[in-house]
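Look over the sequence and the structure first, then read the points below.

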Amino acid sequence: MRKDSGWVAARGQIAWILALIVSTAIIVQLDRVDFGKRLALLEKNPLAGGQLSVEAATKAFADARTALQASPQDPHARAVMLVALSIANQAGIVADDTGQAEAQSLIAAAHPDDALWQSALILATASFPALEPAAAAPGN
């Protein structure tokens, strides 16, 4: 019996051991991935699945704040601020409690019935779930 014939005869066992090593490495790598954080983020905020540009969200938030300060009684400026606040929260620029308090004050101060305001309310309630009772109140 030649030396090489032993390797040829054991090729099935060698292939099985290699497959076992590769599958174990894959399992170890998958075990290191933390899917829980991603799932918790999606449960908290279903709109968080997309990637938001922090720079674009910061600029939109600053522009909306400037527009609201320029004309605080303008219902469109309030709606734009509510949208920008929701986006800033999703991008991590505004904390949940701060954003929710500011959104609550915007909702309490304005009650227009146009489509822009209704859309802003829907986005705000998706970003700040505790706002749902306030957004469902008559006049909103």
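**Overall make-up**

From the N terminus on, the elements of the protein chain run α-α-α-α-α-α-α-α. The model is a predicted one. Its secondary structure comes to eight helices and zero strands.

**The chain as a whole**

- Of the 140 residues in the protein chain, 26% are buried.
- Counting contacts between residues at least 6 apart in sequence, 62% join residues at least 24 apart.

**Helix H5 by itself**

- H5 is mostly covered, with twelve of its 17 residues buried.
- Those buried residues are Ala77, Arg78, Ala79, Met81, Leu82, Ala84, Leu85, Ser86, Ala88, Asn89, Gln90 and Ala91.
- An α-helix has 3.6 residues a turn, so residues three or four places apart point the same way.

**How H5 packs with H4**

- Two packed helices are described by the angle between their axes and the distance between the axes.
- The crossing in which H4 passes H5 is left-handed.
- On the H4 side, the contact is made by Val54, Ala57, Ala60, Phe61, Ala64, Arg65, Ala67 and Leu68.
- On the H5 side, the contact with H4 is made by Ala77, Arg78, Val80, Met81, Ala84, Leu85, Ile87, Ala88 and Ala91.
- By class, the residues of the contact of H4 with H5 are 15 nonpolar, no polar and two charged.

**How H5 packs with H6**

- H5 and H6 have a left-handed crossing.
- From H5, the residues that meet H6 are Arg78, Met81, Leu82, Leu85 and Asn89.
- From H6, the residues that meet H5 are Asp96, Gly99, Glu102, Ala103, Leu106, Ile107 and Ala109.
- The contact of H5 with H6 has seven nonpolar, two polar and three charged residues.

**How H5 packs with H7**

- H5 passes H7 in a crossing that is left-handed.
- H5 brings Pro75, His76, Arg78, Ala79, Leu82, Val83, Ser86, Ile87, Asn89 and Gln90 to this contact.
- H7 brings Leu116, Trp117, Ala120, Leu121, Leu123, Ala124 and Ser127 to the contact with H5.
- Eleven nonpolar, five polar and one charged residue make up the contact of H5 with H7.

**Alanine 79, a residue of H5**

- Alanine 79 has its place in helix H5.
- Is alanine 79 buried or exposed? With a relative accessible area of 0%, alanine 79 is buried.
- Leaving out residues up to four places away in sequence, alanine 79 touches Leu116, Trp117 and Ala120.
- Alanine 79 and leucine 116 are 37 residues apart along the chain, and their C-alpha atoms are separated by 6.6 Å.

**Two loop residues**

- Aspartate 114 lies in the loop between H6 and H7.
- The relative accessibility of aspartate 114 is 26%, so this residue counts as partly exposed.
- The C-alpha atoms of aspartate 114 and proline 75 are separated by 9.1 Å, although the two residues are 39 residues apart along the chain.
- Proline 129 lies in the loop between H7 and helix H8 (132–135).
- Proline 129 counts as partly exposed because its relative accessibility is 46%.
- Between the C-alpha atoms of proline 129 and glutamine 100 the separation is 8.9 Å, and these residues are 29 residues apart along the chain.

Definitions and conventions
Residues are numbered from 1 along each chain as its sequence is written. This is a predicted model: local features need pLDDT of at least 70, side-chain atom pairs count only at pLDDT 80 or more; totals for chains, interfaces and linings use all residues. Side-chain values use heavy atoms; hydrogens and water are left out. A crossing is left-handed if the near helix is turned anticlockwise from the far one by less than a right angle, and right-handed if clockwise. Helices (H or I, at least four residues) and strands (E, at least two) are DSSP runs, numbered from the N terminus. Contact means heavy atoms within 4.5 Å. Ala, Val, Leu, Ile, Met, Phe, Trp, Tyr, Cys and Pro count as nonpolar, Asp, Glu, Lys and Arg as charged, and the others, Gly among them, as polar. Buried means under 20% relative accessible area, exposed over 50%, partly exposed in between (1.4 Å probe, protein chains only).
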